[in-house]
Amino acid sequence: MVTRKSRREIEKMRVAGRIVAEVLALVESELRPGVTTGHLDRLAERHIRSSGAVPSFKGYGHRSNPFPASLCVSIDDEVVHGIPGDRAIKPGQIVSIDAGAIYDGWHGDAARTFVVGEPRPDVAKLIDTTRLAMMAGIAAALPGANLGDISAAIEDTAAPGGYGIVRQFVGHGIGTEMHQEPQVPNYRTGVRGLKLAPGICLAIEPMLTLGSGDVEVRSDGWTVATLDGSLAAHFEHTIAVTDNGPEILTTVA
Ligand code: MG
């Protein structure tokens, strides 16, 4: 069931979203060659907890293999769900950071791909196009529009560059759980889908690659990487559909 959030509930999601945005800004300020992914994770967890929130990702999943950290840190051909640890970041790598926080029971979820150093022009273009695809998806989240309009806007931004669109992982509804209905595919599905109305909150998160969109889950049970080894980028915002159009909740503004 798709729930519509009240003004009061969205206010709490705005707080969760602000904390997530602060985490991404903090990580960006610390991102340089030699820094370990575990260090970034510890900074993120400290910021989330000192803000009165709880990390969404830590302990998420099946109890046989819960996600062990507060950030997902995915490098180069890793698309999403990379586990932070002892790995040190190298010059020229692209690093996708996904952060989630729960404030008073309400979730915020956002991600961004960063470059460490100077990117190759094609890599810079991949990252920029992924961000633009997310923004096009957000712009389509108008009251009265359909879920399929978001998917189409994302696909139409990604397709001209020939980028691979990851289809196995999609955006999602969000609220008292990190993942709620509906799913938000980053490609046309052939159906118009749910009619959007004020109070519907979504995490819109395209994942694009320089190769094919096919991915595999690595042996740690979490890390999702491209099957062909191509570089991948990932951007995500949590938004609310309002009477006035989409509102980005995962922002410091
Ligand atoms: Mg998400």
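Biologist: How are the donor residues of the magnesium ion spaced in sequence?
Modeller: In this model, which is predicted, the spacing of the donor residues reads D-x62-H-x32-E-x30-E. His172 lies in strand S7 and Glu205 in the loop between strand S9 and strand S10, so the pair ties together parts that are 33 residues apart in sequence.

Biologist: What makes Asp109, His172, Glu205 and Glu236 donors of the magnesium ion?
Modeller: A donor atom must be an N, O or S within 2.8 Å of the metal, and Asp109 (OD), His172 (NE2), Glu205 (OE) and Glu236 (OE) coordinate the ion at 2.1 to 2.4 Å, so they qualify as donors.

Biologist: Why is His172 called buried?
Modeller: Buried means under 20% relative accessible area, and His172 has 4%; Glu205, at 7%, counts as buried by that rule too.

Biologist: How do you know how many disulfides there are in the whole structure?
Modeller: A disulfide requires a pair of cysteine sulfur atoms within 2.5 Å, and a search of the whole structure finds 0. As for burial, Cys72 has a relative accessible area of 5% and is buried, and Cys201 is buried with 3%.

Biologist: What span is expected of helix H2, and what does it reach?
Modeller: Helix H2 (residues 37-50) has 14 residues, and its reach of 20 Å from first C-alpha to last is close to the 20 Å expected at 1.5 Å a residue. Its buried residues include Leu40, Leu43 and Ile48, and among the elements covering the buried residues of H2 are helix H1 and strand S2.

Definitions and conventions. Residues numbered from 1 in each chain as written. Predicted model: local features only at pLDDT ≥ 70, side-chain atom pairs only at ≥ 80, totals over all residues. Heavy atoms only, no water. Donors = N, O, S within 2.8 Å, 3.2 Å for Na, K, Ca; no water. Helix = DSSP H or I, 4+ residues; strand = E, 2+ residues; numbered from the N terminus. Buried < 20%, exposed > 50% of the residue type's maximum accessible area, 1.4 Å probe, protein only. Expected span 1.5 Å × (residues − 1). Contact = heavy atoms within 4.5 Å.
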